[in-house]
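Have a look at the sequence and the 3D view, then read on.

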Amino acid sequence: TACSSKYVLSQMHPMWQGPLAVPGGDRQSPIDIVVRKSVYDSELKPLVTDYDPETCQQIWNNGYSFLVEYDDTTDKSTLKGGPLQDQFRLCQFHFHWGETNAWGSEHTVDRRLFPAELHLVHWNSDKYSLFEEAVMEDNGLAVIGIFLKVGKRHEGLQKLVDALPAIRHKGSIVEFTRFDPACLLPSNTDDYWTYHGSLTTPPLTESVTWMVMKQHIEVSHDQLAVFRSLLFTAAEEEVQKSMVNNFRVQQPLRGRTVRSSFS
Ligand SMILES: NS(=O)(=O)c1c(F)c(F)c(-n2cc(CC3CCCCC3)nn2)c(F)c1F
Ligand SMILES: [Zn+2]
């Protein structure tokens, strides 16, 4: 898909630190969400997701995370509502996690870290015709962020966990079909924080409307351990590096307001 063909990885250090902020960047991600400073906005609507599992295509290790990619050539898997004016197409979802359960998420809530964070990446198909185009525009992307906590096993996640050994190395890809990403959403998707930010990996473009869910999902310790069995490195590299701590350092708020859909 447009999204997959271009998810090429720049030679990024695993612990993507990169420039603290993009030159002139005043809406970088991730950030700490300071609950008491967020502003309730009664105009914010519930999110409306409409995902078709038939658009699920493949799962691959891009050397930064693992991605589940969807066919985004038609409006079959969409997101609208929330703070969004337009309709957005799902192109991929991926995760960020730590080497231990003590950290791993990119966003935090009052400095609280979670062991992992799921990102569902969508692009504005009302205004643009390709992901690559949308990724460069102010209102081009919409990403849903969902925190993961260690607890009971997540039945829906297991199909994905079982596919990971086949993509241990950077660059490996396998067919992955009929996976409904709705199974990864928390039961309550009405309560979220939203702010204008950026990709947390290169090209770090400031094109993302973020919606971070208030409610986390639970996965088991063992399921998360399989994430950590992935490798940043390709099969032919001598030194293999575990794919862990693939999160970006937090960025300055620069006067932005984080709005909440709940009071
Ligand atoms: N963490 S995040 O902010 O949710 C997040 C995203 F939203 C992304 F869209 C990407 N992304 C990066 C590219 C490379 C493209 C390479 C060609 C030019 C456009 C980017 N594809 N998708 C991404 F890597 C990422 F981490
Ligand atoms: Zn991400």
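This is a predicted model: local features need pLDDT of at least 70, side-chain atom pairs count only at pLDDT 80 or more; totals for chains, interfaces and linings use all residues.

The chain has a mean pLDDT of 93, and 91% of its residues reach 70 or more. For the complex, the predictor gives an ipTM of 0.97 and a pTM of 0.93.

**The zinc site**

Which residues hold the zinc ion (ligand 2)? Its protein donors are His-94 (NE2), His-96 (NE2) and His-119 (ND1), lying 2.0 Å from it. Along the sequence the donor residues follow the spacing H-x1-H-x22-H. His-96 sits in strand E7 and His-119 in strand E9, 23 residues apart, so to speak a link between distant parts of the chain. Both of these histidines, His-96 and His-119, are buried.

As for geometry, the four donor atoms around the zinc ion (ligand 2) subtend angles of 98 to 115 degrees, and that makes the arrangement tetrahedral. For reference, the ideal angle for four tetrahedral donors is 109.5 degrees.

**Strands around the site**

Strand E9 covers residues 116-124, and nine of its nine residues are buried, so the strand is largely enclosed by the rest of the structure. Both of its faces are covered. On one side you find Ala-116, Leu-118, Leu-120, His-122 and Asn-124, while Glu-117, His-119, Val-121 and Trp-123 are on the other.

| Strand pair | Bridges | 
|---|---|
| E3 (residues 47-50) and E6 (residues 78-81) | four bridges |
| E6 and E7 | two bridges |

E6 and E7 form a hairpin with six residues between them, and Gly-82 in its turn has a positive phi of about 60 degrees.

**What is packed inside**

In soluble globular proteins, nonpolar side chains tend to be buried together. Here the largest nonpolar core has 43 residues, and those with the most contacts inside it are Phe-66, Phe-93, Phe-95, Leu-160 and Phe-227. Strand E7 (residues 88-97) gives the most to this core, with five residues. Apart from it lies another core of 22 residues, including Cys-91, Phe-131, Trp-193 and Val-258.

Helix H3 (residues 155-163) has Leu-157, Gln-158, Leu-160, Val-161 and Ala-163 buried. What covers them includes strands E4 (56-61), E5 (66-70), E7 and E14 (217-219), along with helix H4 (221-227).

Then there is Ala-134, in helix H2 (residues 131-134). Is Ala-134 buried or exposed? With 0% relative accessibility, Ala-134 counts as buried. Beyond its neighbours within four places in sequence, Ala-134 is in contact with Trp-123, Asn-124, Tyr-128, Gly-140, Leu-141 and Ser-207. Asn-124 is ten residues away along the chain, and the two C-alpha atoms are separated by 6.4 Å.

One joins Ser-29 and Pro-30, with omega about 0 degrees, and Pro-30 lies in the loop between helix H1 (2-5) and strand E1 (32-33). Another joins Pro-202 and Pro-203, with omega about 10 degrees; Pro-203 belongs to the loop between strand E12 (192-197) and strand E13 (208-213).

Leu-204, also placed in the loop between E12 and E13, has a positive phi of about 55 degrees although it is not a glycine. At 6% relative accessibility, Leu-204 counts as buried. Arg-254 likewise has a positive phi, near 50 degrees, and its place is in the loop between H4 and strand E15 (259-260). Arg-254 is exposed, with a relative accessible area of 53%.

Conventions
Residues are numbered from 1 along each chain as its sequence is written. Chains are lettered from A and ligands numbered from 1 in the order in which they are written. Side-chain values use heavy atoms; hydrogens and water are left out. A nonpolar core is a set of buried Ala, Val, Leu, Ile, Met, Phe, Trp, Tyr and Cys residues joined through side-chain atoms within 4.5 Å. Buried means under 20% relative accessible area, exposed over 50%, partly exposed in between (1.4 Å probe, protein chains only). pLDDT is the predictor's confidence in each residue, from 0 to 100. Donors are N, O and S atoms within 2.8 Å of the metal (3.2 Å for Na, K and Ca); water is not among the atoms, so sites may look incomplete. Four donors count as tetrahedral if all angles lie between 85 and 135 degrees; four count as square planar and six as octahedral if opposite donors are over 155 degrees apart and all others between 65 and 115; anything else is irregular. Contact means heavy atoms within 4.5 Å. Two strands pair if DSSP finds at least two bridges between them.
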